[in-house]
Amino acid sequence: MHDTDHSTGTIDRTTPARARTDDSDSVRGRIDDADGSGNGSSSSSSSSSSSSVGHGGDTVTPAGHTGDAAWDAGRAAVPTVDEVAAAAGAASSELASTAPSTRAAWLEAVADALDTRVDELVALADEESHLGTARLTGEVARTTGQLRLFAAVLRDGAFLEVVIDHADASATPPKPELRRMLRPTGPVAVFSASNFPFAFSVAGGDTASALAAGCPVIVKAHSAHPRLSRLTAAIVVEALRTAGAPEGTFALVEGREQGTALVQHPAITAVGFTGSLAGGRTLFDLASQRPAPIPFYGELGSTNPVVITEAALQGEAAGELARGLAASFTLGVGQFCTNPGLVLVPSGSGFAELVAQAAADTVAGRMLTPGIAEAYAAGTARAAGHPGVRTLLGGGTAAADSGVPTVLATTAVTVLDAPDVLLEEIFGPATLVIEVADDAELHAVLAEVGGALTATVHAAPDEDIAGLVSRLELIAGRVLFGGWPTGVAVGWAQHHGGPWPATTSLHTSVGASAVRRFQRPIVYQDAPERVLPEALHEANPLRLPRRVDGFLELPAAARA
């Protein structure tokens, strides 16, 4: 389970043993949320740009309200999923034909509206998530920064990948005129994450990138922050309405049943999901088993291995690395998808003891939900109780909803004997230090790790690590040299994804290229210009970068 997060493509549909789906929370209970808590209330917005729906037994309120008897009495008027999806479908053509610069202005309007309400949003988020005002204020800035990044992507225009090949009768075989570009897929369902109530939630990266692509968005709110989701949705709705976006551009729904219905609804063309492996896999299968399957861009599970060489542990460097690791795996009570959960070090280095010392003064923090806290306690107990695993820190008691920092240590031999137990992701402030005797053991363990969002190397400056890097490239979407993986910069070059089970595709949920998930290529052959999208007109009225007859053309503004 994670913070973020992605995409189409052929994958291995066999779930590895270490990617367990049989813990005490049933798969059914995890469809709704990343933590499996499954408590969903529902909301509705009366604004023209958004609708929200609920299901039987839930509290249904307009977006931005906490509920009252008058509204509850009128809940029969709340739109159904069919109605919300129909509105999104009706808006698709208008969004697809809207100029990129206009959609950019919509995104900037949403960003400005969120920034204006930052104090109110942060206060409500802190009540529901316990993440603290400093962290949450920064997360709002990250969220609005993402929206503005995608506005810049739209104005740049390269995301359309415009290619024009003029007709050539002398070619063998003769070549017709071909004009190619990327077009929006249509309505997108987005599932919010528990651990980033802003950046991977209602107005987060999936929503921003889908809107940038020209796709209407229906967000499934996370039950860990329902009131914040409603307020955020109300702000997004009003900002889009004021900016001129059509009805059906954005909607919010709540509850497990609504989320499942969204994935199966014929109007939905793609899904963005960040959450647990079990819940994500269930929804992924539903998306694949539809009469017309759709791409499911899921971020599901990652242990994010760290490899520290013997040369990197010499002298005072060992203590510094231990302190850096302790700060990283306990950050935010360990509730990051990039948490460094596995650390491979040379046998006899004593590094695990240094990490335990460095983290000893870190107090147990309140986790996002009771369900996440329960899963964390069960995960650490399962790993710590395995023969050959030493508990160097943790194992004590804390409040029922808290996560106790935990440092476990074992050997490569022990891990290779039980990878299904010891290489399972533990979502929380825990790390497992694995001692390896040689390169053969190191590579054997890495082969069992499976796909990860990140892999980190700490080595001496002049050390030959080319072989190790080649190995890590096979399992991770981002390879770090020095530093720690927690923290995902938002920019043009970022990639936040990885092989299964980290994600379900080759795409990213963070960074400029996240927009590619919600586009598909279309080629127009010998088409009269009057029926072509403006981006493909010969005169290039939108001044887009494009490739014409094999040569890259940049408008003057792009060259400046």
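Reply: Start with pockets. The protein atoms alone are placed on a 1 Å grid; a pocket is an open set of points with protein on both sides within 12 Å along at least five of seven lines, whereas a cavity is a set of points where a 1.4 Å probe fits but cannot get out. Lining residues have an atom within 4 Å of a point. Grid points are joined across faces, edges and corners, and a volume is the space filled by probe spheres set on the points.

Me: What kind of model is this, and how are residues numbered?
Reply: This is a predicted model: local features need pLDDT of at least 70, side-chain atom pairs count only at pLDDT 80 or more, and totals for chains, interfaces and linings use all residues. Residues are numbered from 1 along each chain as its sequence is written, and side-chain values use heavy atoms, with hydrogens and water left out.

Me: What volume does the second largest pocket have?
Reply: About 340 Å³. Its lining has 19 residues. Thr309, Glu310, Asp439, Leu442 and Glu463 lie nearest the centre of this pocket.

Me: Which helices and strands supply that lining?
Reply: First, the labels. Helices (H or I, at least four residues) and strands (E, at least two) are DSSP runs, numbered from the N terminus. Here E11, E12, helix H16 (439-449) and helix H17 (466-473) each supply at least two lining residues of the second largest pocket.

Me: How do I read a cavity?
Reply: Rolling a probe the size of a water molecule over the atoms shows where empty space is left. In this model, the largest cavity holds about 180 Å³ of space. Its lining has 20 residues, and Gly341, Glu424, Glu425, Ile426 and Ala430 lie nearest its centre. Helix H15 (419-422) and E17 are the elements that give two or more residues to this lining. E17 gives the largest share, three residues.

Me: How do I read a sheet?
Reply: Look for paired strands. Two strands pair if DSSP finds at least two bridges between them.

Me: Which strands does E16 pair with?
Reply: Strand E14 (residues 390-393) pairs with E16 in the antiparallel sense, over three bridges. Strand E17 (residues 430-436) pairs with E16 in the parallel sense, over six bridges.

Me: Is strand E16 mostly covered or uncovered?
Reply: Buried means under 20% relative accessible area, exposed over 50%, and partly exposed in between (1.4 Å probe, protein chains only). Strand E16 (residues 406-411) is mostly covered, with five of its six residues buried.

Me: How do I read a single residue?
Reply: Ask for its place, its cover and its contacts. Glutamate 177 is in the loop between strand E4 (162-165) and strand E5 (178-184). With a relative accessible area of 17%, glutamate 177 is buried. Among the residues it touches beyond four places in sequence are Asp165, His166 and Tyr524.

Me: Where is glycine 214, and is it buried or exposed?
Reply: Glycine 214 is in the loop between helix H7 (205-213) and strand E7 (217-220). It counts as buried, at 1% relative accessibility. Beyond four places in sequence, glycine 214 is in contact with Ser92, Leu95, Ala96, Arg103 and Pro184.

Methods:
Contact means heavy atoms within 4.5 Å.
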